[in-house]
Amino acid sequence: MNRRNCITVLEIFTLALYIVVNPIPVHSDAENINTDKTLYKNGDTINIAATVGEENSYEPVTVIIRDFNNKFIVLDTKIADETGSFSMMIPVESKFSEKGMYSAQMYIDDVASDEIAYFDFSLDGSSVIHT
């Protein structure tokens with residue numbers, strides 16, 4: 001084996017080792033999720049805007065809303081656009097029955113993101129006291 005072949009084999013081995021040790025993630029964490037208001041009342045619509053990044057363009061993104069006891073309230077799925085952004089409108093209806101703080105969290109390929117949007121709900125729109 002000549003010197004050039006040895007260098008090539010060494011380079012390939014080094015690259016393969018680097019890829020194994022530092023795998024490239026298939027999906028990155030969500031970048032952000034926001035609601036249009038911090039307090040909702042019966043009859044309102046929750047407008048959610050989020051960005052998951054261009055690497056997740058055209059991917060389904062699920063948003064799950066839970067109440068202050070971590071009880072499932074709503075699940076909705078949208079497809080991110082070419083920039084990795086999406087928005088959804090969720091009507092506040094009978095599923096929102098208890099006054100308190102709620103959370104909206106994104107899931108990409110069934111993996112929860114670290115980004116969570118928090119908002120309050122009360123039937124009459126009165127302030128929610130956080131203890």
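Start by selecting strands β4 and β5 (residues 72-79): they pair in the antiparallel sense over 7 bridges. Keep in mind that this is a predicted model.

**Stop 1**

**Stop 2**

Next, select strand β7 (residues 100-108). β7 and β4 run antiparallel and are joined by 6 bridges.

**Stop 2: β4 itself**

Show residues 60-66, the whole of β4. Is this strand largely enclosed or open? It is largely enclosed by the rest of the structure, because 5 of its 7 residues are buried. Buried here means under 20% relative accessible area. While you are looking along a strand, remember a general rule: in a regular strand, side chains alternate between the two faces of the sheet.

**Stop 3: a charged patch**

Switch to the surface. Select E31, E54, E55 and E82, which gather in a patch of negative charge. Zoom in on E55, in the loop between β3 (45-51) and β4. E55 has a relative accessible area of 44%, so it counts as partly exposed.

**Stop 4: a nonpolar patch**

Finally, select F68, M101, I116 and Y118. Together they make a nonpolar surface patch of about 350 Å². End on Y118, in strand β8 (residues 111-121). Y118 is partly exposed too, with a relative accessible area of 48%.

Conventions
Residues are numbered from 1 along each chain as its sequence is written. This is a predicted model: local features need pLDDT of at least 70, side-chain atom pairs count only at pLDDT 80 or more; totals for chains, interfaces and linings use all residues. Side-chain values use heavy atoms; hydrogens and water are left out. Buried means under 20% relative accessible area, exposed over 50%, partly exposed in between (1.4 Å probe, protein chains only). Helices (H or I, at least four residues) and strands (E, at least two) are DSSP runs, numbered from the N terminus. Two strands pair if DSSP finds at least two bridges between them. Patches are made of residues with over 30% relative accessible area and no salt bridge: like charges are joined within 9 Å, nonpolar side chains (Val, Leu, Ile, Met, Phe, Trp, Tyr) within 5 Å. Accessible areas come from the Shrake-Rupley method with a 1.4 Å probe; for residues, only the protein chains shown count as cover. A salt bridge is a side-chain nitrogen of Lys or Arg within 4 Å of a carboxyl oxygen of Asp or Glu. Lys and Arg count as positive and Asp and Glu as negative; His and the chain ends are not counted. The place of a charge is taken as NZ of Lys, CZ of Arg, CG of Asp or CD of Glu.
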